[in-house]
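Good morning. I have one chain to show you today, and I will go from the whole fold down to single residues. Please look at the picture before I start.

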Amino acid sequence: MMFDYFFKPKAIAVIGASNDPLKLGYEVFKNLKKYKEGRVYPVNVKDEVVQGVKAYKNVKEIPDEVDLAVIVVPKRFVKQTVIDCGEKGVKGIVLITAGFGETGEEGKKEEKELVEIAHQYGMRIIGPNCVGVMNTHNDMNATFIMDAKKGDIAFVSQSGALGAGIVYKTVKEGIGFSKFISIGNMADVDFSELMEYLADDEESKAIALYIEGVKDGRRFMEAAKKVTKKKPVIVLKAGKSESGARAASSHTGSLAGSYRIYEAAFKQTGILVANTIDEMLSMARAFTQPLPKGNRVAIMTNAGGPGVLTADEIDKHGLKLANLEEETMQKLREFLPPMAAVKNPVDMIASARGEEYYKTAKLLLEDENVDMLIAICVVPTFAGMTPTEHAEGVIRAVKEVNNGKPVLALFMAGYVSEPAKELLEKEGIPVYERPEDVGIAAYALWEIARRKMDEVL
């Protein structure tokens, strides 16, 4: 498949690999040493051994075919290094070195020359001015940052530092990526081609993009129209304001342009637009679940407040509370305490244990008026109770009913909820910590489902 040499290479050369912990080449090679699906070779003009591994003075000396070269050398050596890679038969280059198009017109000329050289040899370049790329499903971390958690979201970021910050944030929050791609200045490989590649990537259920600007708007729209028919694409667009657009231009040398133009393009191509980092991640995570057949949501909770706030959020996003069947409410009354509320949202009150979560979730999923379920749990206040039993109850109900209705969870107990969150996420049920996050996730599922229905009609 196109670009497999970036994400599933049989051999990698780290050009600029170092023994100095203060250099980027040290971190890149250290991260890649654990890559087991291919061989990794350090290239260093001075040292014969790098981090305990035999080093080569030039990529051409490596006694093996090299699919991918990660270049972390000073700018003045980059051009010759690219030529060496071409003569070696390298297929893909991740160019981490900065100081090109983002610095002005002269830098853009140098960048263009590098791409021309690469294309002469049939090579493609990601970067320059980037953090690198990761594939968590084969433990390939060709960056100088920490490993992302393994997951289902492909994340492409035009900003390396912001992308890195989001990786660190998601590791802390237990959110996983399938691929992480920092594309920097997009001198060669751009959003369009990466979207097309990721559309056919079985390890990625959704594609999230942080965009400052695109260089070929028509090409981007053509790709997005095709890709959004296969899987969801969520965009966080920076540079909406005049000040932000200027900052974007000086950051990656991109033309941010009018946000209204981008907004119209996103709408036409079926892209979901996020307003914040948390919205982007919340929407992308939802697609481990099937799409709903309608916009009627049932909410179950062990506390009234979160249920009300979540009801506000789904209403704000064009979904509505399901009107439960009378039979459903009657069956709920049979086992819930008299003070429980059996109308939607179903407030099981604080005494609800795992068994009540199981029975309630089962009834709500079986109700013909319900298209989607949101299961909420706040900190259990009764002795000996933990959110784990509530998670187990929801999972049991989903497995028994098994009717393809999406289920989202809102567990608001901080670190106390971590074991419950792990259980749910293992079953593909995304867990959120704030009503606004689960609300935007429900919206994303319904919006994509609605668009697919419109396409059929």
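What share of the contacts in the chain with a separation of 6 or more comes from residues 24 or more positions apart? The share is 73%, where contact means heavy atoms within 4.5 Å.

Two notes on where the values come from. This is a predicted model, in which local features need pLDDT of at least 70, side-chain atom pairs count only at pLDDT 80 or more, and totals for chains, interfaces and linings use all residues. Residues are numbered from 1 along each chain as its sequence is written, and side-chain values use heavy atoms, with hydrogens and water left out.

Now the overall build. The chain has 16 helices and 20 strands; these are DSSP runs, helices being H or I with at least four residues and strands E with at least two, numbered from the N terminus. The chain is as compact as a globular protein of its length, because its radius of gyration is 25 Å, close to the 23 Å that the globule rule gives for 457 residues. That radius is taken over C-alpha atoms, and the rule is 2.2 Å times the number of residues to the power 0.38. Along its principal axes, the C-alpha trace spans about 75 × 50 × 35 Å.

Of the 457 residues, 58% are buried. Buried means under 20% relative accessible area, exposed means over 50%, and partly exposed is in between, with a 1.4 Å probe and protein chains only.

Next, charges. There are 60 positive and 65 negative charges, and their mean positions are 3 Å apart. Lys and Arg count as positive and Asp and Glu as negative, while His and the chain ends are not counted. Each charge is placed at NZ of Lys, CZ of Arg, CG of Asp or CD of Glu.

Let us go to a helix. An α-helix has 3.6 residues a turn, so residues three or four places apart point the same way.

Arg39 is partly exposed, at 41% relative accessible area. Leaving out residues up to four places away in sequence, Arg39 touches Lys10, Ala11, Ile12 and Asp64. Arg39 and Lys10 are 29 residues apart along the chain, yet their C-alpha atoms are separated by 6.3 Å.

Beyond its neighbours within four places in sequence, Asp84 is in contact with Asn58, Val59 and Lys60. Ile261 sits in helix H9 (residues 259-269) and is exposed, at 62%.

Last, the aromatic rings. The whole structure has 11 aromatic pairs. Rings of Phe, Tyr and Trp (its six-membered ring) pair if their centres lie within 6.5 Å; planes under 30 degrees apart count as stacked, over 60 as edge-to-face and the rest as tilted. One of the pairs is Phe3 with Tyr5, edge-to-face, at 6.1 Å centre to centre and 80° between the planes. Phe3 is buried at 1%, and Tyr5 is buried at 19%.
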